[in-house]
Amino acid sequence: MVIILNHMLVDGAGFKELLYLLADFYSKLQRNPDFTIKEELPRRGLNQIFENFSLKEKWQILNDKTATPPTKNPSSPLQGDAHHPYILRTKISKAQFSYIKAYAKSHGVTVNDCLLTALSLAINEKFATTEFDIDCPIDIRKYNKQSNGLTNLTANLTFSFNEDDFDHFETTLLRKKTLFNEQKNSLQPLHKFYVLDLIYKFLSYKTYKKQVKIRYDIPQTSLTNMGIIDWALLHFGQNAVRDVYISGSLKYAPYCQIAATTFKDELTLSTNLHGTKEDYYFQLALLETMKGHLPH
C-alpha cells in the first residue's frame, strides 16, 4: 500500500499520526460497520506552539539578530527528469542499528548526529566538494503540551561543513558535537516562523508571500529523520504491517533529501527524485556510501 500526501498539509510526525488514524479507523469499521468517525476542527496553526512561550521568550525569538550566512550548496551532478519520478532505499539491519545506538550513547551524541555526520562524509566523497550546508527539519511539537490535529509543525536547522571536517567519522562527529547541541537547544530557528506568523495575521497576503520568498533559503541538500513508527499502532484489523517507511518529499534536481525511518528496530534510509537513470544510480551509491560511514 502506498500513501501519497502533500507535504504542505503535514510533516513527518503528522504523517505518522495519519497512518495511526487510518489503521485505527480501519480496525473499528471492520469490527463495527456502523462506526462513525467523529468530526473535529482542531487547530493547525503555529500559534499552538508560540502560545506556550512567555512574553520574554517571545521577545527573544522575535528580536533574534543572528546573521544568516548565504547558503552553500554543493555542485550537484543530478540532471533531473520531470517525467521520471522514483523512490529508492537501503536498510540498516537490527544488529548494525543496535550498534549505532550504543555508539551514540557512549559518545554523548544522538543517532541523528551520527546520520548527519555520515551524510556529510558521503556528500564530500560523492559530490567531490568540501564546503556545503545540510538542512535538517526539526519537529517543534516539543514546545507544545499536545499536538492538536494533523498539521505541519517544523522548523529548520542548517549545519555547515568545510574542508576541515572530513578526516574520519568519529573525528568529524566529535568536532561537530558541541555545535550540534548548541543549535538544537537554540530558539533561533523559530525566529522566521514567528515573524511570518505575525505578518500573516496582521498584514496583507501579498506582503506575507513576499516575505516567505525573502526569508526562506533552504539548502539543496537535506536530512530528515521521521523517527520511530510504532508498529503496535499499525494493525489494520487482523493485518499486521511487516514493513513501512516514509520517504520524504519527492524532489526535483538539484535538490537531494535523505529520509530516515525506524520501524521494528530497523533503520531505512531513502531518497527520491524526478531524475534520470544516472541520477538513480548516483543516489543509490550516495545512500550506500552514507550507510558505509555509519558505525558498524
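## Close-up views of a predicted model

**View 1. The lining of the second largest pocket.** The residues that line the second largest pocket divide into ten nonpolar, ten polar and six charged. The structure shown here and in the views below is a predicted model. In this model the second largest pocket has a volume of about 720 Å³. The pocket is lined by 26 residues. Of these, T68, P69, T158, Q188 and K192 lie nearest its centre. The elements that each give two or more residues to the lining are strand β3 (154–161) and helices α6 (169–184), α7 and α8 (205–215). Which element supplies the largest share of the lining? Strand β3 does, with five residues.

**View 2. Helix α3 packed against helix α7.** Two packed helices are described by the angle between their axes and the distance between the axes. Here helix α3 covers residues 55–62 and helix α7 covers residues 191–202. Their axes are 8 Å apart and meet at an angle of about 100 degrees. Angles of 65 to 115 degrees count as roughly perpendicular, so α3 is roughly perpendicular to α7. On the α3 side, the residues in the contact are K58, I61 and L62. On the α7 side, they are H191, Y194, V195 and L198. Sorted by class, this contact has five nonpolar residues, one polar residue and one charged residue.

**View 3. E57 in helix α3.** This view stays with α3, the helix in which E57 is placed. Is E57 buried, partly exposed or exposed? Its relative accessibility is 30%, so E57 counts as partly exposed. E57 and D165 are 108 residues apart in sequence, and their C-alpha atoms are 34 Å apart in space.

**View 4. T36 in the loop between α1 and α2.** Helix α1 spans residues 12–31 and helix α2 spans residues 47–50, and T36 lies in the loop between them. T36 has a relative accessible area of 63%, and exposed means over 50%, so T36 is exposed. Along the sequence, T36 and F25 are eleven residues apart. From C-alpha to C-alpha, T36 and F25 are 9.1 Å apart in space.

**View 5. L250 and its contacts.** L250 sits in the loop between strands β6 (239–240) and β7 (251–252). With a relative accessibility of 39%, L250 counts as partly exposed. Which residues touch L250 once its neighbours within four places in sequence are left aside? They are P85, Y86, N272, L273 and H274. M226 is 24 residues from L250 in sequence, and the C-alpha atoms of L250 and M226 are 15 Å apart.

**View 6. The cis peptide bond between A253 and P254.** In general, most residues other than glycine have a negative phi, and most peptide bonds are trans. The bond that joins A253 and P254 is cis, with an omega of about 10 degrees. P254 belongs to the loop between β7 and β8 (256–263).

**View 7. Positive phi at K264 and at D265.** K264 is found in the loop between β8 and β9 (266–274), and D265 lies in the loop between β8 and β9 as well. What is the phi of K264? It is near 55 degrees, a positive value in a residue other than glycine. D265 is not a glycine either, and has a positive phi of about 65 degrees. K264 has a relative accessibility of 35% and therefore counts as partly exposed. D265 has a relative accessibility of 45% and therefore counts as partly exposed.

Conventions:
Residues are numbered from 1 along each chain as its sequence is written. This is a predicted model: local features need pLDDT of at least 70, side-chain atom pairs count only at pLDDT 80 or more; totals for chains, interfaces and linings use all residues. Side-chain values use heavy atoms; hydrogens and water are left out. Helices (H or I, at least four residues) and strands (E, at least two) are DSSP runs, numbered from the N terminus. Buried means under 20% relative accessible area, exposed over 50%, partly exposed in between (1.4 Å probe, protein chains only). Contact means heavy atoms within 4.5 Å. Axes are lines fitted to C-alpha atoms, for helices over the stretch in contact, and angles run from 0 to 180 degrees between N-to-C directions. Angles under 35 degrees count as roughly parallel, over 145 as roughly antiparallel, 65 to 115 as roughly perpendicular and the rest as oblique. Ala, Val, Leu, Ile, Met, Phe, Trp, Tyr, Cys and Pro count as nonpolar, Asp, Glu, Lys and Arg as charged, and the others, Gly among them, as polar. On a 1 Å grid over the protein atoms alone, a cavity is a set of points where a 1.4 Å probe fits but cannot get out, and a pocket is an open set with protein on both sides within 12 Å along at least five of seven lines; lining residues have an atom within 4 Å of a point. Grid points are joined across faces, edges and corners, and a volume is the space filled by probe spheres set on the points.
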